[in-house]
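Subject: Structure handover and findings

Dear colleague,

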Amino acid sequence: MKNTHKIIIVLSVIGFVLLRYRMHVTHSYFYLFLVWNLFLALVPLVFTEYLQTKQFDKYILLLLSVPWLLLLPNAPYILTDFIHLSKVSKMSFWYDFLLIGTFTLAGMLAYFLSLNQMIAFFRIYYTEKILNIAVLIIAFLNGFGIYLGRFSRWNSWDILHRPKVLFNEILQYLAHPIMHQNVWLFTFLFGVLLSFGRIIFSSLKVTK
């Protein structure tokens, strides 16, 4: 098992313990959504872990990367859970910050690890320059996906459940960018954040 996998497991366990204690003290199940969000954050990683056990040609990999890309924003989405710190709580602000931060760190590690694994699959087919451009595009697509999830309340499976409504909303954002500056500002900032985060993650020995 790689170091990153161990860290994700340890952080997940710590997060569950912190959450269980909070539930015991407050008799509130409010932050239970963190478990679901972490589960969704781990799905793309499980997907790429599975791909590592198989052999696929370039075109099959490209096809498989589509559902992976649709699921991937669920991992960095967990960053936005800090928005709930604004709510009044019986617990210390710093306790809730540590609780959310633990789940968030586990989810972000899963995101970067899954991204690196997918990029590694394509390294035999494409140059490093093309892959770096792809990583940059993926970062901004994830920024946009996070916005759709947090503020427009869309889920990954809505592309199958309500595709027409979803695409109409996206077209509105694209057709009227000035009217939706907050969408593109959020997308840009998160794209930059995820791009720099991936650079830092890839430079750490823990990923080896």
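Leaving aside its neighbours within four places in sequence, with which residues is leucine 166 in contact? Please bear in mind throughout that this is a predicted model. The contacts of leucine 166 are Leu148, Trp154, Asp158 and Ile159. Leucine 166 belongs to helix α7, and its relative accessibility of 8% is below the 20% limit, so it counts as buried.

Tryptophan 157 may be considered next. This residue is found in the loop between α5 and α6 (158–161). Its relative accessibility is 43%, so tryptophan 157 counts as partly exposed. Not counting residues up to four places away in sequence, tryptophan 157 touches Trp36 and Leu40.

Helix α2 deserves a description of its own. It covers residues 33–51, which makes 19 residues, and spans 28 Å from its first C-alpha to its last, close to the expected 27 Å. At valine 43 the helix α2 bends by about 25°, and proline 44 follows within four residues. Its buried residues are Leu34, Asn37, Leu38, Leu40, Ala41, Pro44, Leu45, Thr48 and Leu51. These buried residues pack against α1 (3–26), α3 (58–71) and α4 (93–122).

I turn now to the interior. In soluble globular proteins, nonpolar side chains tend to be buried together. In this model the largest nonpolar core has 52 residues, and Tyr31, Leu99, Phe103, Tyr111, Leu115 and Leu148 have the most contacts inside it. At least two residues of this core come from each of α1, α2, α3, α4, α5 (128–150), α7 (163–175) and α8 (181–203). The largest share, 16 residues, is supplied by α4.

Is tyrosine 31 buried or exposed? With a relative accessibility of 3%, tyrosine 31 counts as buried. Not counting residues up to four places away in sequence, tyrosine 31 touches Leu19, Arg22, His84, Leu85, Asp96, Leu99 and Ile100.

The last topic is the aromatic rings. The count of aromatic pairs comes to 21. In one of these, the rings of tyrosine 31 and phenylalanine 33 have centres 5.7 Å apart and planes at 40°, so the pair is tilted. The rings of phenylalanine 144 and tryptophan 184 have centres 5.3 Å apart and planes at 5°, so this pair is stacked. Phenylalanine 144 lies in helix α5 and tryptophan 184 in helix α8, so the pair ties together parts that are 40 residues apart in sequence. Phenylalanine 144 is buried, at a relative accessible area of 12%, whereas tryptophan 184 is partly exposed, at 28%. Both residues also belong to a cluster in which ring pairs link Phe144, Tyr147, Phe151, Tyr173, Trp184, Phe186 and Phe190.

Conventions
Residues are numbered from 1 along each chain as its sequence is written. This is a predicted model: local features need pLDDT of at least 70, side-chain atom pairs count only at pLDDT 80 or more; totals for chains, interfaces and linings use all residues. Side-chain values use heavy atoms; hydrogens and water are left out. The expected span of a helix is 1.5 Å times one less than its number of residues. The bend at a residue is the angle between axes fitted to the seven residues ending there and the seven starting there. Buried means under 20% relative accessible area, exposed over 50%, partly exposed in between (1.4 Å probe, protein chains only). Contact means heavy atoms within 4.5 Å. A nonpolar core is a set of buried Ala, Val, Leu, Ile, Met, Phe, Trp, Tyr and Cys residues joined through side-chain atoms within 4.5 Å. Rings of Phe, Tyr and Trp (its six-membered ring) pair if their centres lie within 6.5 Å; planes under 30 degrees apart count as stacked, over 60 as edge-to-face and the rest as tilted.
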